[in-house]
Amino acid sequence: MKRFLILGSIFALAIASFVFAQASDQATLRTPVGDKPIGFLQQNGLPYINARDVIAALGGSLQPDSRGFKVTLNNTVAAFGPDSRFAVVRDDLIEMPVPPIVVAGTPYVPWQFFQGFLGKAAEQEALWEPAARILTVRPRQQSIVAVQMTVTNVQGTSKIVLTLSAPSDYSIVKEPSAYAIHFKAPLRAPFAEQAFDDPYVSHASFNGSDLLIKLTADDIAGDAYKLENPFRIVLDLRKVAPTPGAPLPQLPGIKPAEPAGIRTIVIDPGHGGKDIGATGPGGLMEKDIALEVARKLSSALQSKINARVVLTRDDDTVVSLDQRTAIANQYKADLFLSVHMNAAVVKGAKGSETYFLSLEASDELAKRAAETENASTTVARTTTTASADLKLILWDLAQQQYLQESSRFAQDIQEEMNRATGVQNRGVKQAPFKVLVGATMPAALVEVGFITNPDEEAKLKTDEFQDMMVDALVRAVQRYKTDYETRIGLVQPAPVAGAAKPVAVPQKGRTGT
């Protein structure tokens, strides 16, 4: 837990990076209503623009806070700091070539900050003319976006995938026996209307920038999330208890208030597709056993816990590490658990290990385990870059809440796994696992067993051992859920032995610890 001290030092690092070296020069902000002078300076040959001047001219506000600066424009909030070249807008990141700098308390940012922020906050685009020192802000010139649509039904879920040639903001609303999707960008539709041979999807029709998906019955609903590279919108539909008029999440957007407690759990089977993970001496591949255990865990949790359970993948497909936590965030999950199999770095290693996120590994073995998992073929970035992303997450002090909860969750998992196997406790560890970066909920990664150990590989192939591991993980989730909901007052503390079980207490909203 000592690594939580990193959070306390972040603001000090920000102070240390302030720049007081040179006076501001002048540039021009050009908008449809006219030109305005704005502060400008150049450092190491790079241009920086006075963020306060630009935001004020556009009718917004900029305020310092403990993490750097907060920008508000048209009810859209962004945050940035002088210790990171990333800014946060809604659930997305804006990448700048260099971090902002601060001169006499005033932040100066690369012009790319406005390029990213204004597109989300005001449907505008920003262009920089370096020779003339002119920052032009104008309504975004929208190009036509091509859309492709596929519908497949796998294991009782109809998956609709809309692949776009370019990102577009959109909203999704549940209508009687239909879903309506409105895109802000003009569309080039693949068809006007098309029928589908699917148990849940009847047909779909495009009308301008709107898509209407007609369902085969009223008791069909689901969830929506987006994926990147290429930009895709995914709807997972299944039969549910009817909830007329209930909208799907409108993405991207601000997470709305939800009932307290553990309501949605995302299980992430590690690896997949061409990323096979570790391989045992008998040929067992990590990606296959992780998916098998995750599927069993999903079924067990749905039958024993009053919560929705979502898999980041339910077949042998590639899902990038970034997209796994993005899926959890889109589903507004309350818990995230990534399931993996360990590879021995010391001979004879056996047992389970559980990790939660930290900028630094708790020991050398934890560091090497993280490097192995981060070396996924779906990740083009290095561990060094992953650490830079972690600094961004830790820069937001609100993440400390999730790290503390993740520690509790990981401890429950490790104790239940040890109890099930009787193997010596390998302990809860911390490491910079890329798959845990960005999760806005308690998150942990469990290495169920050492697939490279011949004895454990043989056990991992059996239903008996898999079921024992799944039962242990279910108990861990139940244990954490009860503990968390007791601490926030959703259930009453457990009475003395022999008394009644905890009784639910109606609550509204979700609080932290």
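How many residues does H10 have, and how far does H10 reach from its first C-alpha to its last? In this predicted model, H10 has 25 residues and reaches 36 Å, close to the 36 Å expected at 1.5 Å a residue (1.5 Å times one less than the number of residues). Helices (H or I, at least four residues) and strands (E, at least two) are DSSP runs, numbered from the N terminus.

A word on the ground rules: residues are numbered from 1 along each chain as its sequence is written, and side-chain values use heavy atoms, without hydrogens and water. Local features need pLDDT of at least 70 and side-chain atom pairs 80 or more, while totals for chains, interfaces and linings use all residues.

- Ile 413 touches (heavy atoms within 4.5 Å) residues including Leu 337, Val 446 and Leu 473.

**Aromatic pairs**
- The whole structure holds twelve aromatic pairs (ring centres within 6.5 Å; planes under 30 degrees apart are stacked, over 60 edge-to-face, the rest tilted; Trp counts by its six-membered ring).
- Tyr 225 and Tyr 331 form a tilted pair, 5.3 Å centre to centre with 45° between the planes.
- Tyr 225 lies in strand S21 and Tyr 331 in the loop between H5 and S25, so the pair ties together parts 106 residues apart in sequence.
- Tyr 480 and Tyr 484 are stacked, at 5.9 Å and 15°.
- Both Tyr 480 and Tyr 484 are buried (under 20% relative accessible area with a 1.4 Å probe, protein chains only; exposed is over 50%, partly exposed in between).

Methods. Lists of a residue's contacts leave out its neighbours within four places in sequence.
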